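Take a moment with the model below.

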Amino acid sequence: MARRGIFFVLPAVLLLLAIYIIPMIVLAVFSVTDYQLGAISTNFVGLANFHKAFSDPVFLRAMANTVLYAVIVIPVGVFLALGIALLVYNRKRSRAFWEIAYFLPVTATLVAMATVFQFLLHPSLGPVNAAIKWMGFEPVGFLSNPSLLIPTMAIIGIWQVLGFNMVLFLAGLTAIPKDLHEAIRLDGAKNPIDRFFKVTWPMLGPTTMFVVVTTSISAFKVFETVAVLTKGRSGSEVLLFALYLEGFEYSNTGYAAALTLIFLAIVLVLSIGQTVHMDRKVHY
């Protein structure tokens with residue numbers, strides 16, 4: 001019986017080793033060497049790649065830009081999705097239409113949609129700047145002004161996660177027993193805002209925790225919009241694009257491996273920290 005169990009478990013174990021464990025081991029080995037893609041030999045450098053990362057101005061700027069991007073995308077992407085979900089949830093005839101309309105960006109290829117945004121935000125041809133000029137203001141260089149690059153990409157990131165988060169909140173709202181709303185109404189909570197903070201918001205705790213964690217991971221994984229819209233020029237560097245440049249453009253595989261481990265550590269600590277912190281306040 002034990003052998004049969006091992007036989008059934010073995011394919012999953014081998015798949016886990018091939019996809020996750022072995023690549024992580026190889027990544028860790030590369031991170032302590034000066035290996036370059038295609039090189040015949042390599043040298044052990046210890047933690048030199050990690051020391052280099054935290055003194056590299058490009059990497060530090062990419063980290064700061066990624067944090068700024070996440071600070072914009074996470075709260076707006078979560079709470080705006082919650083607000084839209086509350087509005088859509090109360091629709092009767094048009095609910096299906098709004099669900100599809102808001103979920104469509106999730107199904108779209110972000111590379112293709114980044115190209116669309118490139119046209120929309122064009123300083124002379126784009127409709128956004130056309131509307132700005134029609135209102136009497138000067139056109140805005142959304143993709144040419146370094147100080148506007150990260151906020152502009154953050155807006156695109158919010159647009160990307162909004163539909164998915166809204167669907168998750170809709171599922172959470174549907175799971176709330178209607179008897180709770182009736183009971184709190186009978187207890188004197190006539191105002192919808194009171195009912196939201198006393199019933200809806202606490203009952204959405206597990207959903208909110210999941211949405212915050214997934215949105216945070218998506219925010220730190222921003223890559224496509226940078227690759228298409230700015231190609232990583234000054235002011236738009238982010239962590240994943242910095243990894244891509246070091247690993248595939250400059251062939252610094254060892255250094256790129258060290259940066260990847262740093263990136264994974266940041267995402268892991270953030271995800272675990274958010275889960276532990278929010279789980280204490282969640283009502284299951």
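Which residues in helix 3 and helix 4 meet? Ile84, Val88 and Tyr89 in helix 3 meet Arg95, Trp98, Glu99 and Tyr102 in helix 4. Contact here means heavy atoms within 4.5 Å. By class, five of the residues in this contact are nonpolar, none polar and two charged. Ala, Val, Leu, Ile, Met, Phe, Trp, Tyr, Cys and Pro count as nonpolar, Asp, Glu, Lys and Arg as charged, and the others, Gly among them, as polar.

This is a predicted model: local features need pLDDT of at least 70, side-chain atom pairs count only at pLDDT 80 or more, and totals for chains, interfaces and linings use all residues. Residues are numbered from 1 along each chain as its sequence is written, and side-chain values use heavy atoms, with hydrogens and water left out.

Two packed helices are described by the angle between their axes and the distance between the axes. The axes of helix 3 and helix 4 come within 9 Å and cross at roughly 155°. Therefore helix 3 is roughly antiparallel to helix 4, a term for angles over 145 degrees.

Now take the whole chain. The chain has 13 helices and zero strands. Helices are DSSP runs (H or I, at least four residues), and strands are runs of E, at least two. The C-alpha trace spans about 75 × 75 × 30 Å along its principal axes. Of the 284 residues, 37% are buried, meaning under 20% relative accessible area (1.4 Å probe, protein chains only). Among contacts between residues at least 6 apart in sequence, 67% join residues at least 24 apart.

Technical notes
Axes are lines fitted to C-alpha atoms, for helices over the stretch in contact, and angles run from 0 to 180 degrees between N-to-C directions. Angles under 35 degrees count as roughly parallel, over 145 as roughly antiparallel, 65 to 115 as roughly perpendicular and the rest as oblique. Buried means under 20% relative accessible area, exposed over 50%, partly exposed in between (1.4 Å probe, protein chains only).
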